[in-house]
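Subject: Structure handover and notes

Hello,

Here is the structure for you to take over. My notes on what was found follow below it.

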Amino acid sequence: MTALDSEVSTAEANAGDAARAWLSAFEDALVAGSEQDLQELFETSAGWRDLLAFTWNLRQAHDNQAIAELLSAVVDDIRPTGFQVDGERPGPAIISEVGTPATVEVFFRFSTAAGEADGYAVLTLDGVDNTARARTLFTRLVSLHEAPPVWPPLGRFDVEHPTTRWREHRKERCEFAERSPEVLIIGAGQFGLMTAANLGRLGVDTLIVDKQPAVGDAWRSRYESLMLHQPHNMLHFSLMPYPDAFPEYLPKDKMADWFETYASCFDLNIWTSTEFVGGTYDEPKGEWTVSLHREDGTVSTLHPKHVMMATGGSDIPNVPEIEGMDTFRGEKIHSSRFVDGREYKNKNVLIIGSGTSAHDFAHDIVRNGGQATLVQRGPLIVVDLPTAEVLYGDYRNREIPVDLTDIRFQAGFVYHQMREAFIGYQKFANEADSDLHTQLRNAGLEVWAGRDDTGFYYHYLSNSKGGYYLNVGASNAIASGDIKVLKYDDLAKFDAEGIVLEDGNHQAFDAVVFATAYRPLAEGVRRLFGDEVADKLGPIWGFGNDGELNNILKPTVQPGLWILEGSLPMARWHSPLMALIVKAELDGIVPESFKAQGHPSRTPSVPVPALASAFGTTPDA
């Protein structure tokens, strides 16, 4: 062993000792209920993100005082104990760069009154006495004592059901002829399927309804050129990762087929060609009455305890009103009906919008011999794909287990630390893509870095998931002039042959595509559940008063209603959590006090002071 090896070994040993000492001190302070002791275990600007383990909520705190206060408010009911380094994950390790204060990451496990939990902390070591304070804390519920997984199903089906064939059994379970499901999920997309699989793992009787004819059609029916812009390792499904044979970037039809495979493997109960019409909640009974239009024209009425909205949006197309639009004689379609750029060979297409879909449409059209013009309504964040992949970090490395990267990634979503990190990343992105941005501006595209230079992923979370493009070729086509750009404010009106600009010039087009997305998800809630429920919920998506998303993937003020929305990685991260809390609600495990508005565990009714003081603003809506 060299002297350097010895120094590294000693440093790692010291890191392990410091991490174990911090966990022990943390547990002692929790048991004692000492806010002062808890506060001293964290840096002043520390952040804590809890996913159900302490709060039965998705909850954040943003400085050492707020962390201590929230922990103290819930500890008597949660009764955490048994904090120890997680022996199944990498041991405590120094992660700081050379020349910075030593920081250590530690994965750990602990128990609560309700179940088993895990966590992750980033600790800063004191250079003098090697004591540690936490910079970031992440805690997460992973199982329930009273509701262990029902898998694997042992034994033989033919022994337990000697007179029933498997096909008959599955048909009966899926018909719900003489029972209602405990949970009804609207939508067989990634969130619907993964959440149903995790509910099934806990023995919860669940039905998914989807208006498409087959599972996966939401992807299968989309435009032909669609491929995902995130790498394979970032998009694994919960409980069943992709085979290694899958390509780095998945085409939409392969994704659609995977949805069908996933549903079949987990024997999910799904009614396709079925539309959720609406539902009302009976509070005394604690159940919904929902109406479902079936493929044969009949209406089924069911009474689930919980309804989970996993529709991926409002399904209400957002089409702007433009003077003269009704006089245009060419083709007019919303982006939901765009299929293939090959259909527009030798045609001139106007695309209203400049987000990801608009770019993909335009690129597909020009590659297949057509002409395309984007109409830009607002500034766009453009990031070249190699630059975006830097943000994905360890997800690009298949040698690193995805669950480790998931924990590190989720721990980074403490609002004030996340925002600072995104701003730092965007500085890198601005420099890396500066030449591309200059070319785009010269071609007429307005490019920016998001509010306060926070970048594309922050913009995704705070602004209805749009407003950016990860360049896989369309930006280069804009820079070269193959794709044209117009400003929305320069478009005066339509006529029979095309558009008239504000300066009086005329441009002819054969077709118009409205790549203008859908109305906000809140409008879908209003249509399906009525004004009272929609008004009670308030905003959906965007950062809320403690830095978590508004009404997404956590308890809402409407009992029995859950909104599952977000990206594929978010579905993998959160579907196990949604299954756990719904099972806990069904079994009466969640303390009633934690459900009351105003309880410290609930999402604050006003923005927490730390967020406003850190940036001079309230959280982004």
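Helices (H or I, at least four residues) and strands (E, at least two) are DSSP runs, numbered from the N terminus. Two strands count as paired if DSSP finds at least two bridges between them.

Before the rest, the conventions. This is a predicted model, in which local features need pLDDT of at least 70 and side-chain atom pairs count only at pLDDT 80 or more, while totals for chains, interfaces and linings use all residues. Residues are numbered from 1 along each chain as its sequence is written, and side-chain values use heavy atoms, with hydrogens and water left out.

Sheets

E16 and E24 belong to an open sheet of 5 strands with parallel pairing, in the order E15-E24-E16-E17-E20. Its edge strands are strand E15 (331-334) and strand E20 (483-487), each pairing on one side only. From one strand to the next the twist averages 20°. Helix H9 (residues 356-367) lies across E16, strand E17 (371-376), E20 and E24, and runs at about 160° to E17. Axes here are lines fitted to C-alpha atoms, for helices over the stretch in contact, and angles run from 0 to 180 degrees between N-to-C directions; contact means heavy atoms within 4.5 Å.

Another open sheet has 5 strands in the order E10-E9-E8-E14-E25, again with parallel pairing. Strand E10 (270-271) and strand E25 (561-563) stand at its edges with a single partner strand each, so one side of each has no neighbour in the sheet. Strand E8 (residues 183-186) pairs with strand E9 (residues 206-209) in the parallel sense over 4 bridges, and Leu 184 stands opposite Leu 207 in E9. Helix H18 (residues 568-586) lies across E8, strand E14 (306-309) and E25, at about 160° to E14.

Pro 181 is in the loop between helix H5 (166-175) and E8. Pro 181 is buried, with a relative accessible area of 1% (buried means under 20% relative accessible area, exposed over 50%, partly exposed in between, with a 1.4 Å probe and protein chains only). Leaving out residues up to four places away in sequence, Pro 181 touches Phe 176, Asp 205, Thr 206, Leu 207, Leu 302, His 303, Pro 304 and Lys 305.

Cores

A nonpolar core is a set of buried Ala, Val, Leu, Ile, Met, Phe, Trp, Tyr and Cys residues joined through side-chain atoms within 4.5 Å. The largest one has 180 residues, of which Trp 56, Ile 351, Phe 456 and Phe 529 touch the most other members. H18 gives the largest share of this core, 11 residues. Apart from it lies another core, of 14 residues, including Met 325, Phe 494, Leu 501 and Phe 514. Neighbours within four places in sequence aside, Phe 529 is in contact with Ile 186, Phe 276, Gly 279, Trp 288, Val 307, Met 309 and Leu 561.

Aromatic rings

The whole structure holds 45 aromatic pairs. Rings of Phe, Tyr and Trp (its six-membered ring) pair if their centres lie within 6.5 Å; planes under 30 degrees apart count as stacked, over 60 as edge-to-face and the rest as tilted. Phe 409 and Tyr 457 are an edge-to-face pair, at 6.5 Å centre to centre and 80° between the planes. Phe 409 is in helix H11 (residues 402-411) and Tyr 457 in helix H14 (residues 455-462), 48 residues apart. Phe 409 counts as buried at 19% relative accessibility, and Tyr 457 is buried at 7%.

Backbone

A cis peptide bond joins Trp 151 and Pro 152, with omega about -5°. Pro 152 is in the loop between strand E7 (132-144) and helix H4 (157-160). Trp 56 is a residue other than glycine with a positive phi, near 50°, and lies in the loop between strand E1 (42-51) and strand E2 (58-61). Trp 56 is buried, with a relative accessible area of 3%.

Regards
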